[in-house]
Amino acid sequence: MTRIICFDTETTGFDYARGDRVIEIGAVEILDGKITDNKFHAYINPDGKIIPPSSYNVHKLSNEFLSDKPKFAAVAPKLLEFIGDTPVVAHNGFDFDFPFINYELAQIGMSPIPREQQLDSIVIARHKVFGPKEYTLDGLAKWFGVSLTARADAHGALIDAEILAKVYLELESAAPARNIGDIIAEQREAMQKHPKIGANFPRRVFEPSAEEVAAHNEFMKTIANQ
């Protein structure tokens with residue numbers, strides 16, 4: 001039995017070192033290649049950290065809405081229990097979600113999500129697909145035909161985790177991306193073998209007439225005499 005967890009976070013900002021906090025966590029279970037109904041979702045009280053308008057405009061989570069929600073210390077044990085020792089996928093996780101979550105865990109004296117459990121779908125995508133204009137979650141979802149209508153109004157951790165799970169399954173079934181150098185070499189070889197444009201293309205030889213040879217020789221004399 002193969003189990004994978006896809007998860008996403010919403011935060012007050014981009015820098016936990018400056019006091020930004022996780023305010024929503026969503027996680028979705030994939031079991032033997034299928035998304036199950038086993039999910040984890042929690043809103044989190046940012047413990048006094050003010051949510052700036054720029055962040056609110058993304059996820060539409062306000063301090064007022066989160067004022068009666070549990071703090072991270074109450075949510076963390078349930079999250080880690082849900083994850084267990086299962087591999088965890090996050091989009092841009094190595095640069096954002098995993099450092100953010102592990103910092104929060106460290107602040108309350110809990111063990112981080114181990115590095116060997118962490119997977120980043122951006123890294124996977126760059127090795128598996130060649131063609132998307134961008135490797136954002138939106139870009140990959142559009143590339144694979146995964147609907148984004150659920151997040152038409154705002155981002156949400158659980159919504160994004162569900163989209164990520166669908167994208168991850170597409171990535172798992174995709175063949176590894178081919179090296180662009182190999183593709184160019186194959187195209188060049190095919191061109192060289194083409195009967196109309198390749199190296200074996202029959203060359204037509206047009207012999208000059210006696211008049212053309214004479215005219216050419218006269219022209220060369222004028223150049224030599226200059």
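Buried means under 20% relative accessible area, exposed over 50% and partly exposed in between, with a 1.4 Å probe and protein chains only. The views show a predicted model, in which local features need pLDDT of at least 70 and side-chain atom pairs count only at pLDDT 80 or more, whereas totals for chains, interfaces and linings use all residues. Residues are numbered from 1 along each chain as its sequence is written, and side-chain values use heavy atoms, with hydrogens and water left out.

View 1. Helices are DSSP runs of H or I with at least four residues, and strands are runs of E with at least two, numbered from the N terminus. Phe-72, Val-75, Ala-76, Leu-79, Phe-82 and Ile-83 are buried in helix 3. They cover an arc of only 130° around the axis (taken from the directions from the helix axis to the C-beta atoms), which puts them on the same side of helix 3. Lys-78 and Glu-81, on the other side of helix 3, are exposed.

**View 2. Packing partners of helix 3.** With contact meaning heavy atoms within 4.5 Å, the buried residues of helix 3 pack against strand 1 (3–11), strand 2 (22–31), strand 3 (34–43), strand 4 (88–90) and helix 4 (97–107). After helix 3 comes Gly-84, which has a positive phi, near 60°.

View 3. Glu-162 is partly exposed, its relative accessible area being 24%, and it touches Val-28 and Lys-39 when residues up to four places away in sequence are not counted. Glu-162 and Glu-29 lie 133 residues apart in sequence but 9.1 Å apart in space, C-alpha to C-alpha.
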